[in-house]
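Hello,

Here is the structure I promised to pass on. Please have a look at it first, and then read my notes below.

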Amino acid sequence: MEAFGLLLHGFAVLLTWKTLLLMMVGLVLGIFVGVLPGLGGPNGVAILLPLTFTMDPTSAIVMLSCIYWGALFGGAITSILFNIPGEAWSVATTFDGYPMAQQGRAAEALTAAFTSSFIGSLVAVLLITFLAPMISSFALKFGPPEFFAVYLLTFCSFVGLGREAKHKTVTSMSLGLLLAGVGMDTVSGQLRMTFGSAELLRGINFLVAVIGLFGISEILLTMEERLALRGHAAGISLRVVLLVWKDLPKYWVTLFRSSFIGCWLGITPGGAIAASFMGYNLAKRFAKDQESFGKGRIEGVFAPETAAHASGTSALLPMLALGIPGSGTAAILLGGLMVWGLNPGPLLFVEHKDFVWGLIASMYLGNVVGLVLVLTTVPIFASILRVPFAAVAPMIVVSCAIGAYAIQNAMFDIWLMLGFGVVGYVFKKIGIPLAPFTLALVLGNRAEDAFRLSMIGSGGDMKVFWSNGLVGSITTLAIILLFWPLIDKAFSSVTRRLRPAKA
Amino acid sequence: MSNTDIEIVVDDPTAPEANSPAVASNGVVDAVVSLGLLALAVTLGWDNWRTGAAWDATGPEPGYFPFYLSVILGGASLYGLFAAAFSRREASETFVTRAQLRRVIAVFVPTVLFCLATQFLGLYVASFLLISGFMRFVGKIAVWKSLLTAFIFTAAMFVTFDIAFDVIMPKGPLEAALGY
């Protein structure tokens, strides 16, 4: 119950007018970013990050996480009203959400989406509240070998469990790790991979890369699409909200199932997309009349939205407890932590109690405030879509440039951002995933340090990664996950051979 | 309910035609990217080898970790090169059509010019030029609307960053003349 007391303290930290105001600003900016075509959670957070550089860390993270919630809520608006999923994990929401809007039940669908996102995040935040302190106090016993094993586990699970071609995931990850190493070596102070350039001396900043990869490249990709749209922006009346809420208990199984799937997949890297589809498919499979799915069934909105938000939120759990982000957006928030001079990892819970519990409390508050805000202001935000893209695109470019420059006050970074924009555009089109790259870039230095410290400690003996039960099982699990597709294939071919023998 | 309904219709007159010919196929781009990454891996690997990728008395040398990463990157891109060369199905998919490319260039070239302008004129002047120019010439929006939007946005950015949040942006001759 210590967590509960600390959480209350967190609320006390937050309940000042200034923080609440920042929260509202963050939410509005977030919804704005979520509704605009070609922008979503990670891009929004990356672009708006520089606004927070001069704030104290607690206000900054509150604002950023609210931008994130806002973007998630905003994505649902465009999926339902215009059949345009802002993010890959909103795709499943369009299956039933858009048909509902066409039948004139847009208000109902939106209420369902917002409410279920709220429930999903709430479950995940509850999980974080009680699990994160436990994991982090456990992780305090970790030495360099354990940390390296955990990093290895993260990287390997991306390769083994990701749906992209394996060599493309490996390419993206090793490129990220390599670029993280550019500049001054943290252990020996020697220069690496700078080729005599003074600009590369500082290294390649993670946030600059992210702004280019997600911001600029997204603009280029959006320009390729046909940007016409047509739809109705419906206002939500209190009566509809209450009507949907009254029916809510009927769907508790769906909500519970999706929250569980979301939390589970969110903690393992890259899960939100898989979670939303899995939530939808399971709801469909367990339903009595499967035919009605895809034709505007409210459960078809509840299931994916709950799962996506539960997973998006629980992705913050490994970031807070271990310093390992579970999603692209979590990686960007992690980059933010470093800018504000906080060292992510288990020590955060000991050294910066105010910050951590302020953040967790802001997840609760941000969700409640966000729910009220979106329910009341949908028509206003939907009409943002009327603003022509020709006006929005250059503004986004300018915001990206401001963001990239502000990080280190370097003109070189603006060019670097442009370069990463092109890289991101090409990579996305040929199916090289960007999430492993982001993760590798933000974790690269710490993974290398952990590796070298454990090597120094053991005198260069690789056996250190199997030196005790804990580190040994993490390392072994990592290697199993890396070769999971092969193991899975071998396993199923064995069972296939056994089955006819039985029959 | 219906009295709060607002119909939103946005047209896209310059949308890329669906039947535009392909400029490049996925297979070709895949192979080119793999080659580029291979070259990068070799360059970085060589640099790390030079820095020292072996072990010394205190543990691994600075180049050790990145050297083996460049080996992994090189291996993965080599594999990618072969995969691109031998897969028929994926390779024939369109990477970009001519009409799409035209639109991408319409936003990419102004962005490059904007970065150049930022270097010499400062960020705020460059952003005013980018927004007004882009709205007028790419978006075909009325001149006064373009200029007004660009001015309001740039001014808002200046007030937010340089004045309210103390995040200092690159400046040029105009700001110097105005005393900032």
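Let me begin with one tryptophan: W264(A) counts as partly exposed because it has 17 C-beta neighbours inside 10 Å. On this scale a residue is buried with 20 or more other C-beta atoms within 10 Å of its own, exposed with 12 or fewer, and partly exposed in between, the C-beta atoms being placed from the backbone. W264(A) sits in helix α11 (residues 252-267) of chain A; helices (H or I, at least four residues) and strands (E, at least two) are DSSP runs, numbered from the N terminus. From W264(A) to S117(A) is 147 residues in sequence and 16 Å in space, C-alpha to C-alpha.

Before you go further, note that this is a predicted model, in which local features need pLDDT of at least 70 and side-chain atom pairs count only at pLDDT 80 or more, while totals for chains, interfaces and linings use all residues. Residues are numbered from 1 along each chain as its sequence is written, and chains are lettered from A and ligands numbered from 1 in the order in which they are written.

Now chain A as a whole. It has 22 helices and three strands. Its radius of gyration (over C-alpha atoms) is 23 Å, and the globule rule, 2.2 Å times the number of residues to the power 0.38, also gives 23 Å for 503 residues, so chain A is as compact as a globular protein of that length. Of those 503 residues, 62% count as buried.

One helix to look at is α5 (residues 91-102) of chain A. Its twelve residues reach 17 Å from first C-alpha to last, close to the expected 16 Å, where the expected span is 1.5 Å times one less than the number of residues. Nine of the twelve residues of α5(A) are buried, so the helix is largely enclosed by the rest of the structure; among them are F95(A), Y98(A) and M100(A). Just after α5(A), G104(A) takes a positive phi of about 85°.

Which residues touch the most other members of the largest nonpolar core? They are I67(A), I80(A), L110(A), I211(A), A401(A) and M417(A), in a core of 212 residues. Helix α4 (residues 57-82) of chain A gives the most to this core, with 17 residues, and at least three come from each of domain 1 (23-95) and domain 2 (97-177) of chain B. A nonpolar core here is a set of buried Ala, Val, Leu, Ile, Met, Phe, Trp, Tyr and Cys residues joined through C-beta atoms within 7 Å. The domain bounds come from an automatic or database domain assignment, and the C-alpha centres of the two domains of chain B lie 37 Å apart.

The two chains also meet: the contact takes 69 residues from chain B and 66 residues from chain A, with two residues in contact if their C-beta atoms, placed from the backbone, lie within 7 Å. The side of chain B that touches chain A divides into 44 nonpolar, 17 polar and eight charged residues.

Finally, two loop residues to check. N409(A), between α18 (389-408) and α19 (411-430) of chain A, has a phi near 50°, a positive value in a residue other than glycine. K140(B), in the loop between α4 and α5 of chain B, has a positive phi of about 55° although it is not a glycine.

Best wishes

How values were computed:
Ala, Val, Leu, Ile, Met, Phe, Trp, Tyr, Cys and Pro count as nonpolar, Asp, Glu, Lys and Arg as charged, and the others, Gly among them, as polar.
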